[in-house]
Structures are given as structure tokens and as C-alpha cells.
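Me: Hi! I have a protein model open and would like to talk it through. Can you help me read it?

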Amino acid sequence: MGFFDNFLDDEMRLIRDTCKTFAEREIAPFADDWERNGTFPRELYKKAAAAGILGVGFAASVGGSGGGAMQMLMMIEGMMRGRSTGVAVSLGSLGIALPPIIAAGDRALIDRYARPVLAGEMIAALAITEPGAGSDVAGIRTSAHRDGDEYVVNGSKMFITSGVRADLLTTLVRTGDDPHGGVSFLAIETSSPGVQVSRPLEKHGWCASDTAEIFFQNVRVPAANLIGGEGAGFPLLMRNFQSERLALAGYGYVTAELALEEARRYAAERMAFGRPIGKFQTTRHKIVDMATRTVAAKTMVYQVASRLDAGEYCVREVSMAKNVAAETAVSVSYDAVQIFGGLGYMRETFVERLSRDARILPIGGGTQEIMKEIIAKAMGL
Ligand SMILES: Cc1cc2nc3c(=O)[nH]c(=O)nc-3n(C[C@H](O)[C@H](O)[C@H](O)COP(=O)(O)OP(=O)(O)OC[C@H]3O[C@@H](n4cnc5c(N)ncnc54)[C@H](O)[C@@H]3O)c2cc1C
């Protein structure tokens with residue numbers, strides 16, 4: 001029995017294996033090209049939907065294939081076998097864009113948006129961050145003014161994953177003056193007149209994913225696209241952050257696992273001074289430290305996911321797990337590059353990609369420092 005087996009049941013293993021098989025067949029052979037070109041074919045969304053992958057974590061009643069936090073982690077573990085975090089997070093942007101619609105949207109919104117997105121027919125993105133407001137979410141300025149049966153939206157959003165080709169933006173807008181009470185979610189179709197999407201932003205990592213700046217100029221959105229009423233944005237956003245941060249923690253320990261796997265293999269093959277470099281005590285100990293940090297991070301993320309699935313309130317622990325797993329991804333992938341020597345600095349190696357992809361994890365979905373502020377508040381400090 002493996003160390004982590006007591007967290008898993010057969011259904012979870014099946015999700016992981018299904019995603020792994022899909023990723024090894026449909027992503028890995030093309031990952032280098034897609035990373036280089038900064039994009040991947042749109043039809044992959046439909047293929048992933050047909051394999052039941054896009055629906056993981058969403059109830060069958062809205063078009064999903066069921067499951068909770070542990071199932072989401074299984075999906076991430078499997079999909080990361082495609083060797084491109086960028087592809088995995090692009091396919092996964094619905095995981096942060098749909099929950100507010102499903103939690104608070106009416107049946108019409110769910111039918112119009114959630115079902116086609118889960119079927120891979122529409123692409124959805126979550127648009128919170130603005131050029132002037134990232135960590136300080138309550139500082140957003142994109143405004144939505146009611147005008148009859150419509151809202152008129154003006155402003156801009158920044159760093160939006162899947163934003164270049166999204167059909168739907170779950171957008172945080174300002175509908176009132178109160179910093180927290182005056183924000184709301186609006187479902188905005190990118191085909192609406194006045195929505196302008198930038199070219200893909202050039203990034204350090206996650207290169208196959210498209211990331212956009214989006215401008216809204218007098219965009220008219222049906223009032224029926226308001227999600228959960230005016231002023232309902234903040235609580236929905238806070239809830240959404242929990243699953244987003246847990247997912248990023250998942251990408252963290254999986255990144256570390258993959259980097260460790262690569263480093264172990266290379267250390268056994270690469271010869272120096274007449275022996276494999278893995279036979280030097282410094283390398284051996286480095287690999288042991290990498291493995292120890294990875295197991296610690298994975299154990300913590302599994303534990304938090306299991307508690308979430310059991311219905312427990314885990315805001316503090318989710319923030320802790322995100323920080324631990326993100327730091328582990330950064331440090332383990334850094335060490336893996338070191339073990340690869342000069343080759344680890346080359347685009348042709350997977351550890352080079354993993355080390356770039358890891359860097360966003362302590363930044364996206366709430367920075368390392370913001371996680372510490374949340375933890376401090378929860379500890380009463
Ligand atoms: C590749 C990528 C994909 C992304 N995808 C999305 C997406 O799909 N949707 C979306 O809405 N956003 C997305 N983002 C945005 C991301 O969530 C933000 O970049 C992140 O929240 C940080 O905001 P910021 O960049 O404005 O940094 P800032 O908030 O300006 O922070 C800059 C620095 O100041 C620190 N800081 C700020 N406030 C405090 C404080 N109170 N105490 C201590 N330190 C503080 C931060 O920790 C950070 O180190 C993405 C970003 C990237 C790079």
C-alpha cells in the first residue's frame with residue numbers, strides 16, 4: 001500500500017488514470033510545440049469534455065461529472081502528465097469561472113453558460129484582477145451602471161487566464177461605492193460590442209496558456225446576467241478563492257513530484273568523475289530533501305482537500321497549504337535544474353519548464369504575502 005493510498009478511493013484513482021491517459025495521448029506529444037507557439041488547438045476543450053475531464057468537480061445536475069476537492073486534485077495529477085502546466089490551467093480556467101454562476105446564478109444562466117462550457121463548446125475565464133488592483137481586490141474600478149434592463153460596463157481587466165479566446169467572462173464589477181459591499185459578478189460575453197481583448201501577453205512560464213488584458217468600453221450586458229444580485233460579489237469571490245487556491249496548491253506538489261522524478265532519473269544516468277552524479281552524497285541528500293518537502297506538501301494538500309470535502313471550514317489551512325505547496329514547487333524545481341547542470345538551463349529539458357511554471361504559484365490566486373495576512377487574521381494576530 002502506498003503512502004497516500006488511505007486518502008484515495010477507486011473512483012479517485014480512475015479519474016487520475018483517465019486524465020493521465022488523455023494527457024499522455026492528447027497533450028504530451030504536442031506540448032513542446034504548443035509551449036513554443038503560446039497556444040493549443042481549441043478543439044482540445046471538446047476532447048477533454050468528451051472524456052469527462054472538464055466536468056470533474058461539478059454536479060451532474062449542471063452538466064458536470066461530479067466530485068469535490070480530492071477529485072479535482074486527481075484531475076490535476078493526471079493532466080500534468082501532459083508536460084505543460086499552461087495547457088492544464090487553460091483547460092482548467094472554467095474551474096474558477098463557473099463556480100459563482102453555479103452557486104448563485106439562476107437556472108437560465110446555468111443553462112446558457114455552465115452547460116456549454118462544461119461541454120467544451122464555450123471557453124470561460126474569471127476576470128477579477130485589474131491593472132490597478134490585484135491583491136487589493138476591493139480596489140477594483142471596472143464599473144457597471146444599471147440602465148433599464150441592462151448594465152453598462154466600463155474599465156479593464158488584467159492577466160486573465162484564457163482571456164484571449166474566452167467566450168464568457170465571469171467578471172467582478174463595481175456596482176456601488178462600498179469597497180466590499182459594492183462589488184458584483186456579471187457574466188459578460190466577449191462577443192458583446194465594446195469588449196476588446198489584447199494580444200496574448202508574453203509570459204515567464206505557463207507559456208501554452210493565453211493570458212490577456214481586456215478592455216470594456218460602454219459594453220451593454222443584460223441585467224439578467226447579474227450573478228446573485230447586486231453586492232453579492234465579495235462572498236462569492238471569497239468562496240471561489242478557496243477552490244482556486246487549493247488547485248494551485250495541487251499544481252504545486254505535482255510540479256515538485258515531476259521535477260523530483262526527472263532529477264532522480266538524470267542523477268542515475270549522468271556520469272562525472274567516474275560515477276553517476278547521484279552517487280555523490282551532496283546530490284543524494286539534495287534528492288532526499290526534495291522528496292521530503294514534496295511528500296510534506298502533498299500530505300498537507302490531501303489533508304486539507306479531504307477536510308474540505310467533509311464540509312469543514314478550512315480558510316486558514318487552504319492558505320497554508322497554498323504557501324507550502326507553492327514554495328515546494330519553486331524550491332524543488334530549482335534544485336532539479338541544479339542537478340541537471342547546464343542542461344537544466346536549456347529549453348529542451350522538462351525541469352527548465354517546470355521551474356518557470358512554478359514561479360507563478362506564490363503569486364497567482366492571492367500572493368504568498370496575502371496568504372500570510374489571511375493566516376495571521378485567522379490566528380488572531
Ligand atoms: C499567469 C497569470 C495568470 C493569472 N490569471 C488570472 C485570472 O485568470 N484571473 C484574474 O482575475 N487574475 C489572474 N491573475 C492575476 C493574479 O491573481 C495577480 O497577479 C495576483 O493576485 C497579484 O496581484 P498583482 O499582480 O496586482 O500584484 P500586487 O497586488 O500589486 O502585489 C505586488 C506585491 O505586493 C505585495 N503586497 C500587496 N499587498 C500586500 C499586503 N497587504 N501585505 C503584504 N504584501 C502585499 C504582493 O504580495 C506582491 O508581492 C493572473 C496572473 C498571472 C501572472
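Me: How many salt bridges are there by the rule?
Reply: The count comes to 25 salt bridges, where a salt bridge is a side-chain nitrogen of Lys or Arg within 4 Å of a carboxyl oxygen of Asp or Glu. This is a predicted model, where local features need pLDDT of at least 70, side-chain atom pairs count only at pLDDT 80 or more, and totals for chains, interfaces and linings use all residues. Residues are numbered from 1 along each chain as its sequence is written, and side-chain values use heavy atoms, with hydrogens and water left out.

Me: Which residue does aspartate 33 meet in a salt bridge?
Reply: Its partner is arginine 36, at 3.0 Å from N to O. Both lie in helix α2, three residues apart, about one turn of the helix. Helices here are DSSP runs (H or I, at least four residues), numbered from the N terminus.

Me: Is arginine 36 buried or exposed?
Reply: Arginine 36 is exposed, with a relative accessible area of 62%, while aspartate 33 is partly exposed at 41%. Buried means under 20% relative accessible area, exposed over 50%, and partly exposed in between (1.4 Å probe, protein chains only).

Me: What about arginine 293 and aspartate 335?
Reply: Their side chains meet in a salt bridge too, 2.8 Å from N to O. This pair links distant parts of the chain, with arginine 293 in helix α10 (residues 281–309) and aspartate 335 in helix α11, 42 residues apart. Aspartate 335 is buried at 13%, and arginine 293 is partly exposed at 27%.

Me: New topic: which domains does the assignment give?
Reply: Domain 1 (5–92), domain 2 (124–231) and domain 3 (235–378). Such bounds come from an automatic or database domain assignment.

Me: How many residues of domain 1 are in contact with domain 2?
Reply: 14 residues of domain 1 touch nine residues of domain 2, contact meaning heavy atoms within 4.5 Å. One salt bridge is counted between these two domains: arginine 42 pairs with aspartate 167, their closest N and O atoms being 2.7 Å apart. On the domain 1 side, α2 (31–37) and α5 (85–91) each supply at least two residues, and α5 gives the most, with five.

Me: And how many residues of helix α12 are buried?
Reply: Eight of its nine residues (350–358) are buried. Phe350 and Leu354 are among them. The buried residues of α12 pack against α2, α5, α9 (233–269) and α11 (315–340).
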